[in-house]
Amino acid sequence: MLRFAVRRIGLMVPTLIGLSLLLFFWVRILPGDPARSLLGQRATPEGIERLNELYGFDQPIWKQYVTYVSALARGDFGQSIDLHEPVLDAFIDKLPTTIEVTFVALLLAVAVGIPLGYYAGRHQGGWLDTAIVSTSLLGVVTPVFFLAILLKYVFADQLGLLPTQGRQDARIDVDHPTNFYVLDGLITGEYAAAWDALQHLILPGLALGTIPLAIVVRITRASVSDVVHEDYVRTAEAKGLYAGTINRRHILRNALLPVVTTIGLQLGLLLSGAVLTETVFALDGIGNYLYDAITVRDYPVLQGFILFIALMYSIINLLVDLSYGLIDPRVRVS
Amino acid sequence: MTIAPTATLPPEGPLSPDGPTAESMAGESLWKGAWQRLRRNPMALIGGGIMAVFVFVALFAPLLAPYEPASTEWTELSTPFFVQGSNSEHLLGIDRWGSDMLTQLIFGARQSLIIGVVSTLIGLFAGALLGTLAGGLGGKVDTVIMRFVDILLSIPSLLLAISIAAAMGKSSFALMVAIGAAQIPIFARLLRSTMLSQSRSDYVLAANALGLRRRNIILGHILPNSLGPTIVQATLNLATAIIEVAALSFLGLGEDDPAVAEWGRMIVSGQDRFQIAPWLAFYPGICIAITALGFTLLGEALREALDPKQRR
Amino acid sequence: MTVEYVPGQPQSQPQTTIAGHGDRPLLTVTDLSVTFTRRGRAPVHAVDDVSFQIRAGEHVGLVGESGSGKSVTSLAIMGLLPRGGVEVAGSVDFDGQELIGLDTATMRNLRGQELAMVFQDPMTSLNPVITVGRQITEVLKRHRDLDKADARTEAVDLLTKVGIPDPARRVGDYPHQLSGGMRQRVLIAIALACQPRLLIADEPTTALDVTIQAQILELLRELVSGSQTALLMITHDLGVVAGLCDRVHVMYSGRIVESAERRQLFARPRHPYTGGLMASIPRLDQPRGVPLTPIPGSPTDTLPWSQGCAFAPRCPNSEVDCRMHTPALEPADNRALRCFHPLTTDPRSVGATHA
């Protein structure tokens, strides 16, 4: 198991080095003078001068890369050109919002998706199965931002059940020690604030979680209906085990293996989907920040945020792979 | 000495009492069987129907649309309340710029089709090239290519498309390249794995043993057998591409020319008027969803048709 | 009109089965029929009016090619047929209890405890994500109410019994860490964990290497003989039956075509299909160079039993009446036989000849 983990982590290193190279050259291949394109419309001779100095654009390219990587190693991920703040600080500042929304979305996908998929897989061909499959198909093909707009219109604007935007009602003024608003409310005993923050998360979480939910349903269903026909399930039946034991230990446990991998991959979808949902719901997270950076072509922010997101994504998939090693003994040896 | 075929009889599958089906399947060619299964599948019929309508509308947009695409002559009608669908001259009303909605939607289909198809082709060709090289040559080439693919995969695909589009500026061409590039890893992995599994399959081993030329084995055996999964993936990717075009447009990374109608941008421009005129964003959104649904259904049906083992 | 003969019922000749089995059979299968019905397709009669009996401690072979219905028969006895699209008719009496239509809870109590089964493919018949020890203990806990520690000790004992070296370590192994032969031993240990009164082995050696096949058969024989456990051996290989079974039923296309006491059957096969099966077994007592005689055609060249004899299209002895009337299973020559024109001579020496 340990060897498996070490090998798997070892595989991550070249990927990350490659990624830093890619992102480095990405800014360099922008047409024209790199400093000018970095600054875009705000390019002034002094600004270009300053950036050239900062990034060493007049230096040979390999030197620039060394400068870039050593800066990264020091934790310097550049500065936002638009807002003049360190990219890393901005990312850390915005991350909790995104994590909150992502968590709600993921919870929805897993807590609803697995039972629905399991039911559909066990009752293939029934009317409920057909309904689940059709609905999940609709979930996959509806654009995230469109769904977000629809949900906001129906549940916030028309029915007034949930808040339309932001993380917290403007009238609520409480401390935020961790910057996770729901958690903050619970820690400080401001339960009303926590409840309010939670309500703000429901619609974005729903919009963001729909595609992963649909995918989890489909994968679980396919996986369960495969496993049900496996020989070892028949062996379990021949042992006379209780139906509950067979379902849990022999069907679900095997059927969940591909689902776990899928959930890891969905996190990539969630992190990039955040750009779309946070914009619609005016949530102050990394997605919204990234959106602003795209609008004004703030390349250091784009560069840094993409690197962070890729890093998070890689770590999540590493964890998924490792947990896969825990639940599937075959992986540990091979 | 002759070997008697019945000396050891084939073991009996416990739940396959009807032998004749296996017999009749082996006789048909893969494609003929697939076509027959496809024709009987309601999913394929719905998906194919949607796709046919979509392609038809996109191809004949100038003939079908009631007005010129870029005409904005009904500006006075668009304020303050945007004409609704009841108007006989503008079946689906007028958008905020004073253009006819129906015309915009019809030309939007054209834009979606072009970008969807071209970007998928870009992804397909680049990915197929990388995948076949990696799978066919193996060794160091394989390692280098697959490392590169891993790097691309470490960035979520929408983010990858965003970064490419952002670097290239606002144009349809940038959209195609960005969305196409985001598909490269998918096709590269697919082609590589099918090539590897095919080249380890019994018939390729047999062909090798018989001394067939390597090129003939690849062209005659491996490629035709990789075709099915590739077609399936391409169809499914078309659906993703159409959604991603809209997403990038939504983020302001799409076509800059206001004369080009695009569904994603129509949603954006309708978004802030959603409370007074929800249909402005609703129609294009529904168009995207239905088109993507069509390609997804068709792709799933193709997958089932081409892989009879997966059928239940 | 002939009265259907129940094979397995002692004939007038002196019985050769082991003494002390008592008169009442352990398992009585009467007119068992299994029909698979699928929408848009003609129903398939996988098992068609099959009747036989097994006594306690007796070893019975059910022999036939793919599609002959032998495995479906065993699954029907175990109540393991899929719920949808299957019609089961007839009766399976297990020690006075009717198994067909028995409620699920009672059937679950019987399975694994009174009735056990070993399947064909050991590579896929064990749950890949659970240790083999747990797969044994779960059946002990379920039926014998053992606690965790006792179940583990018992599991190690069982592994020792089925000949797995270093059993105390192997209980913690996962199936993929064991070879095919070892896995089949584990499956046998699971099946015998509660000392069932009936063990069904469905092609237990087919998926294994030839050298392992003999070991597994030997193991089964050791474990079953001398105990009160009755064995129903399902196989396509008459060679497996030859060394193991007291009585053999040969099935073709869902029906029993010949059943006899083992020695009678091997000494003088009467049904042309049985003769064909024997002629295609390689034998050591034949001169070199004598080719094996395959049965012509494949199991799919059948005639529906309703129209005549299903084997007629492949049968060297078939005549016009075989394709017009359905032969009944009738007593003849110390056996039950379903044939109008049975073999008269040993097919192995001169090949199949006309009656």
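**A tour through chains C, A and B**

Begin by selecting residues 27-36 of chain C, strand β1, together with residues 86-94 of chain C, strand β4: the two run antiparallel and are joined by eight bridges. Strands here are DSSP runs of E with at least two residues, helices are runs of H or I with at least four, and both are numbered from the N terminus. This is a predicted model, in which local features need pLDDT of at least 70 and side-chain atom pairs count only at pLDDT 80 or more, whereas totals for chains, interfaces and linings use all residues. Residues are numbered from 1 along each chain as its sequence is written, while chains are lettered from A and ligands numbered from 1 in the order in which they are written.

Within this pair, select Ser33(C), whose bridge partner in β4(C) is Ala89(C).

Now widen the selection to the open sheet of four strands in chain C, ordered β2-β1-β4-β5 with antiparallel pairing; two strands pair if DSSP finds at least two bridges between them. At its edges stand β2 (44-54) and β5 (97-98) of chain C, each with a single partner strand, so one side of each is left without a neighbour in the sheet.

Next, show chain A beside chain C, where 26 residues of chain C are in contact with 19 residues of chain A, contact meaning that C-beta atoms, placed from the backbone, lie within 7 Å. On the chain C side, the elements giving two or more residues are α2 (104-110), β6 (115-118) and α3 (132-144), and the largest share, four residues, comes from α3(C).

Finally, colour chain B by pLDDT, the predictor's confidence in each residue from 0 to 100: its mean is 76, and 79% of its residues reach 70 or more. Over residues 1-28 of chain B the pLDDT is below 50, and this stretch has 52 contacts in the model beyond near neighbours in sequence.

Terms used:
Contact = placed C-beta atoms within 7 Å.
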